[in-house]
Amino acid sequence: MLTPTTPEAEFVFSLVRHIGNPDQAETRIREIAHTNPEWSKVLSLAADHGIVPLLNEALSEIEDAVPQEFVQTVQSRCRSQAIENIRYIERLHDLNESFRENQIRVIPYKGPVVADIAYGSVSRRWFSDLDFLVVEEDPVDAHEVLRQQGYNQTDFTGVSPSKLVEGSIFQWEGEFHFFSEEDEIPIDLRHRFVGEYREAERLFLELWERRTSVTLAGEPIPALSPEDRVVLLLAHGTKHGWCRLSWVCDIALLLQEHTAWNEILDRAAQYGWKTAALLGISVAAELAEIDVPSRVRQQISADPRANIGSSILCALFLSDPTGDRLDLDPLTIIVFLNNTPLDSIREAVNKIVSPWPVDHRWVSLPPKLYPLYYFVRPLRLLVEWIKK
């Protein structure tokens, strides 16, 4: 188990360690509390990583060693966020009903769904947006439903949604971002994934066919199958270098349930994400100290990218507990979210050559002239280099 360089960071990391090794974690949490750490730093770090509810639960066991004012501050933060979570769930049900009425196939994932399934309560997991997967055939219709609900697209605002969906030259990960000034709840609508898996339509149809159902606040909503949920969260966490401890907690808690390990890894391999999945499992095993079957550990050891990559990410966490140094996208996508070196090379070339959203923001061209962005991109980079 890595040991952060400050007692405040070690206290927060021990909250994650508590998932797989509660006895030793509780002992260390109490020991650190008696040294009177800088509690404001503990709260700040826990909040940045989205695990204040876990901090609140830990404090309830050691209140005698913690300033009462700090305990009350944490409790107040948790109560406020719990109320906010309920507001998000109400909006989730409203949007899910609108999609259903318009016969649009969407699956809410992450956020409230993970909170309920992994933590047993939506109050024990903070989230700041609502994420929907939409079947490849339906994203433009789903976009229109959100627009009618008062949501505005916040990225590629000058590009037609259909133009993006049908095949954009831009470096785009298949996710629309929306925001409403009225309810101030960000919405993400994803119909494509990162990595070199090109049969996105089949992937989403498979996710849809294997979907299950969960009940949030007394109402059912569609949900990913348990195995699909783990695979997608592993890919998402690896994409962002596991820079948030809440993602580590999500996976650690889900993997502690009845886990179809072979099915998870087989499915990850099918979608081009086996290395990403093995890396995520390795990070969760290190930071949360969860048990992983020996056959899975052997696969991690046999995959140099997953084995070395997880060691590097954990070492970066040791040197910078904020996780800021871990969000290495697009490098993590290129290296870890492709099954073969050739796929990684193709991904790298695509990311280097293809225009990015910033190129569109730099100069707005009409659709007929979009191919010119292949020249705009190097020109923009040259101008920025000259300025520097």
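Where does Pro330 have its place? Pro330 sits in the loop between helix H15 (304-319) and helix H16 (331-336). The peptide bond from Asp329 to Pro330 is cis, with omega near 15°. This is a predicted model, in which local features need pLDDT of at least 70, side-chain atom pairs count only at pLDDT 80 or more, and totals for chains, interfaces and linings use all residues. Residues are numbered from 1 along each chain as its sequence is written, and side-chain values use heavy atoms, with hydrogens and water left out. Helices (H or I, at least four residues) and strands (E, at least two) are DSSP runs, numbered from the N terminus.

**Backbone**

- Gln103 has a positive phi of about 55°, although Gln103 is not a glycine.
- Gln103 lies in the loop between helix H5 (68-101) and strand E1 (106-109).

**Largest pocket**

- The largest pocket holds about 600 Å³ of space.
- A pocket is found on a 1 Å grid over the protein atoms alone, as an open set of points where a 1.4 Å probe fits, with protein on both sides within 12 Å along at least five of seven lines.
- Grid points are joined across faces, edges and corners, and a volume is the space filled by probe spheres set on the points.
- The largest pocket is lined by 33 residues, and Glu173, Glu175, His177, Arg190 and Lys239 lie nearest its centre; lining residues have an atom within 4 Å of a point.
- Strand E4 (175-179), strand E5 (187-190), helix H10 (226-239) and helix H18 (357-362) are the elements that give two or more residues to this lining.
- H10 supplies the largest share of the lining, five residues.
- The lining of the largest pocket divides into 13 nonpolar, nine polar and eleven charged residues.
- Here Ala, Val, Leu, Ile, Met, Phe, Trp, Tyr, Cys and Pro count as nonpolar, Asp, Glu, Lys and Arg as charged, and the others, Gly among them, as polar.

**Second largest pocket**

- The second largest pocket has a volume of about 470 Å³.
- Its lining has 23 residues, with Arg125, Phe127, Ser128, Arg244 and Trp247 the closest to its centre.
- Helix H6 (111-119), H10 and helix H11 (245-255) are the elements that give two or more residues to this lining.
- H11 gives the largest share, four residues.
- Eight nonpolar, eight polar and seven charged residues make up the lining of the second largest pocket.

**H11 with H13**

- The axes of H11 and helix H13 (residues 274-287) come within 9 Å and cross at roughly 95°.
- H11 is therefore roughly perpendicular to H13.
- Axes are lines fitted to C-alpha atoms, for helices over the stretch in contact, and angles run from 0 to 180 degrees between N-to-C directions.
- Angles under 35 degrees count as roughly parallel, over 145 as roughly antiparallel, 65 to 115 as roughly perpendicular and the rest as oblique.
- Leu245, Val248, Ile251 and Leu255 of H11 make the contact with Ile281, Val283, Ala284 and Leu287 of H13; contact means heavy atoms within 4.5 Å.
- The residues of this contact are eight nonpolar, no polar and no charged.

**H10 with H12**

- The axes of H10 and helix H12 (residues 261-270) come within 9 Å and cross at roughly 55°.
- H10 is therefore oblique to H12.
- The crossing of H10 and H12 is right-handed.
- A crossing is left-handed if the near helix is turned anticlockwise from the far one by less than a right angle, and right-handed if clockwise.
- Glu227, Asp228, Val230, Val231 and Leu234 in H10 meet Glu263, Ile264, Arg267 and Ala268 in H12.
- This contact has five nonpolar, no polar and four charged residues.
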